[in-house]
Amino acid sequence: MSEAPRLPEAATAAARPGGESLAERYAAIAHAYEPRRGDRLLRALDIVIAATLLVLTSPFLLLMAVAIRLSSGRPVVYRGARVGRAGRVYEMYKFRTLLPDAESRIGRFYGPELTVHTAREVTRLGRIARATQLDELPQLINVLKGDMSVVGPRPIRPVFFEQLCEEVPAYWQRLVVRPGLTGFAQVRMGREETWAEKLAHDLEYIADRSLSLYLVTAFVTGLRLVKQSVVDSVALVLRRR
């Protein structure tokens, strides 16, 4: 078996001028992005889908923003650093579902540990937002801005990107495309699978990234979101009784 490609030598150098992260160093040496012919079509679909959903859900966006402001103050929108295409770090938007300053308390965790610690920080309104998936809607703005795609590898925090590049040698190859609201790995696998197993599905999508795979992934995600929202909402109501 051949060894998995590693992060370019220029990015793995021991010296880190100015305290740059691995993602920032990769961005500095990344080659120019060369899109495929079909990438323009996928980007056009990103814009159409994101714009349509933002218009359709605008009343819910407004209500959620007001509810968060009145119930737990500011900020209404959570802005978290994520690693984007070619290593560019951007701010990902979500409605805040955790207690104020929760990031400072749970930011160092990831995987199962992050799930446990996050559950302790979720607000009452946050549980509703998560059950109905309303907290994810601001990410549609990231799609319009070009930070994200509807379909692609899930976005990851810079510090975890660095750790995973050390644990999974080929992990940096996710940077070929924009991170997505959903991804091939998300519809094919659960949270219990390893990062390497999830990466294999991400790379399969990146290698293909055809219109049919994009549409199937988006459609399956839509069905799962509706089903999961109903299940989580019912469970939330039952717990309150």
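**A close look at the charged pairs**

Modeller: Let's start with Lys94, which counts as buried because its relative accessibility is 18%, and buried here means under 20%. Keep in mind that this is a predicted model. So who does Lys94 form a salt bridge with? The partner is Asp135, and their closest N and O atoms are 3.7 Å apart. Lys94 sits in strand S2, while Asp135 belongs to the loop between helix H5 (124–132) and H6, so this pair ties together parts that are 41 residues apart in sequence. Asp135 is buried too, with a relative accessible area of 3%.

That's one of 8 salt bridges in the structure. Some of them share partners, and in that way Arg88, Lys145 and Asp147 are joined into one network. Take the bridge between Asp147 and Arg88, where N and O are 2.8 Å apart. This pair also links distant parts of the chain, 59 residues apart. Asp147 is in the loop between helix H6 (139–145) and strand S3 (149–151), and Arg88 is in the loop between strand S1 (77–83) and strand S2 (89–95). Are the two partners buried or partly exposed? Asp147 counts as buried because its relative accessibility is 7%, whereas Arg88, at 43%, counts as partly exposed.

Asp46 forms a salt bridge with Arg43, and the closest N and O atoms are 3.9 Å apart. These two are 3 residues apart in helix H2, so about one helical turn separates them. Asp46 is buried, with a relative accessible area of 2%, and Arg43 counts as buried at 17%. Leu41 is in H2 as well, which covers residues 37–72. Leu41 counts as partly exposed because its relative accessibility is 44%.

S2 runs antiparallel to S1, and 7 bridges join the two strands. Across that pairing, Arg79 stands opposite Tyr93 in S2. The hairpin of S1 and S2 has 5 residues between the strands, and Ala86 there takes a positive phi near 60°. One handy thing to remember: in a regular strand, side chains alternate between the two faces of the sheet.

What about the nonpolar side of the picture? The largest nonpolar core has 24 residues, and Met64, Ile68, Phe95, Tyr205 and Tyr214 touch the most other members. H2, S2, H5, H6, S3, helix H8 (184–188) and helix H10 (211–240) each supply at least two residues of this core. Which element gives the most to this core? It's H2, with 6 residues.

Zoom in on Ile68 and, leaving aside residues up to four places away in sequence, you'll find contacts with Gly73, Pro75, Val76, Phe95, Arg96 and Leu125. There's also a second, separate core of 12 residues, and its members include Val83, Ile156, Phe161 and Leu164.

Technical notes. Residues are numbered from 1 along each chain as its sequence is written. This is a predicted model: local features need pLDDT of at least 70, side-chain atom pairs count only at pLDDT 80 or more; totals for chains, interfaces and linings use all residues. Side-chain values use heavy atoms; hydrogens and water are left out. Helices (H or I, at least four residues) and strands (E, at least two) are DSSP runs, numbered from the N terminus. Buried means under 20% relative accessible area, exposed over 50%, partly exposed in between (1.4 Å probe, protein chains only). A salt bridge is a side-chain nitrogen of Lys or Arg within 4 Å of a carboxyl oxygen of Asp or Glu. A nonpolar core is a set of buried Ala, Val, Leu, Ile, Met, Phe, Trp, Tyr and Cys residues joined through side-chain atoms within 4.5 Å. Contact means heavy atoms within 4.5 Å. Two strands pair if DSSP finds at least two bridges between them.
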